[in-house]
Amino acid sequence: MMKTPGTHPAVSFTGVVRTFGAVRAVDGVDLRIGRGGTVALLGRNGAGKSTAIALLLGLLEPDSGTVGLFGAPPERAVREGLVGAMLQDARAVPRVTVGELVAFVAGRYPDPLPVDRALRSAGIAELAGRRVDRISGGQAQRVRFAVALAGNPALLVLDEPTAALDVEARRAFWEALRADARDGRTVLFSTHYLEEADAYADRILVLDRGRIVADGTGEELRRAAGGGLVGVDLAGRTASRLELLPGVRSVEVRGDRARLRTDDPDATVVALAGLGAIRNLEVAPASLDDAFLALTARGREAA
């Protein structure tokens, strides 16, 4: 059985700050992640994701504030087998088989997952007898996942977990991860594939300049950034007053075409029709990519 210690949240950050010289990589983060479910961590390169994960795993100490995992310091939670991690910079171990590696890691924990189950969950049961240094990059990524599962952790922390995986392997990976979340495991993952966060995360955190600038479901983030996009040809008109139309949050002009981000696409379209400005009209919901760009741009403007 998976360990479910105490009643504390799986992850807690309280006023956490971590600096590197003049750079505040994590800047006063307050965060609570409950037990169970899947949480995605998004951010541009340099936003603070890797630092936040290192703090969470006890690989770095905060300059101020506290980090807790199930109510314990990270190093203690890791030592007790409550946390499994899959990191980008892991290196292959030479001259051992996949099965031997997973068995070795499992043996370091008090209540490990059976090795065959960890291998099956990662989709690599057939690789048990293969040497770790003689498998493909995609297979090595799945071995890292099996290693993360080996201790039967209550919290899985995955840094870019589907990098190097093909489409079929990515789909199989997410199916396995969903099964783990249904069993009560808490999953926190970072990704550059925004469509994965939208499809598989119950909650999405957007980090920018070391701060959490958005926190919610994919739908909530799209609404927060402006729920729809309306495109029209300008046909020689000026775009200077389009931002005053009902619902419009921002206007982007590319050549002779305007793209309006709006909270109320219907009201925006009615207003455009009143102006006779609906040439080549296009209306679409905002994607998570659009929301991500808008939310991080807004944070930079505020700074």
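In strand β7, T186 is the bridge partner of G37. That contact belongs to a parallel pairing in which 5 bridges join β3 (residues 37-42) to β7 (residues 186-190). Keep in mind that this is a predicted model.

- How many aromatic pairs does a search of the whole structure find? The search gives 4 aromatic pairs.
- For W174 and Y200, the ring centres are 4.8 Å apart and the planes are at 5 degrees, so the pair is stacked.
- This pair links distant parts of the chain, with W174 in helix α6 and Y200 in helix α7 (residues 194-200), 26 residues apart.

**The pair of helices α3 and α5**

- Two packed helices are described by the angle between their axes and the distance between the axes.
- For α3 (residues 98-106) and α5 (residues 137-149), the axes come within 8 Å and cross at roughly 25 degrees.
- That angle makes α3 roughly parallel to α5, because angles under 35 degrees count as roughly parallel.
- The crossing of α3 past α5 is right-handed.
- On the α3 side, V98, L101, V102 and V105 take part in the contact, and they meet V143, A146 and V147 in α5.
- Sorted by class, this contact of α3 with α5 has 7 nonpolar residues, with no polar and no charged ones.

**The sheet of β10 to β13**

- Here 4 strands form an open sheet in the order β11-β12-β10-β13, with antiparallel pairing.
- At the edges stand β11 (248-254) and β13 (282-285); each has a single partner strand, so one side of each is left without a neighbour in the sheet.
- From one strand to the next, the twist averages 20 degrees.
- Strands β10 (residues 228-233) and β12 (residues 257-262) pair in the antiparallel sense over 6 bridges.
- Which residue in β12 is the bridge partner of G228? The partner of G228 is T262.
- Helix α9 (residues 265-274) packs on this sheet and touches β10, β11, β12 and β13.
- The direction of α9 makes about 20 degrees with that of β10.

Technical notes. Residues are numbered from 1 along each chain as its sequence is written. This is a predicted model: local features need pLDDT of at least 70, side-chain atom pairs count only at pLDDT 80 or more; totals for chains, interfaces and linings use all residues. Side-chain values use heavy atoms; hydrogens and water are left out. Axes are lines fitted to C-alpha atoms, for helices over the stretch in contact, and angles run from 0 to 180 degrees between N-to-C directions. Helices (H or I, at least four residues) and strands (E, at least two) are DSSP runs, numbered from the N terminus. Angles under 35 degrees count as roughly parallel, over 145 as roughly antiparallel, 65 to 115 as roughly perpendicular and the rest as oblique. A crossing is left-handed if the near helix is turned anticlockwise from the far one by less than a right angle, and right-handed if clockwise. Contact means heavy atoms within 4.5 Å. Ala, Val, Leu, Ile, Met, Phe, Trp, Tyr, Cys and Pro count as nonpolar, Asp, Glu, Lys and Arg as charged, and the others, Gly among them, as polar. Two strands pair if DSSP finds at least two bridges between them. Rings of Phe, Tyr and Trp (its six-membered ring) pair if their centres lie within 6.5 Å; planes under 30 degrees apart count as stacked, over 60 as edge-to-face and the rest as tilted.
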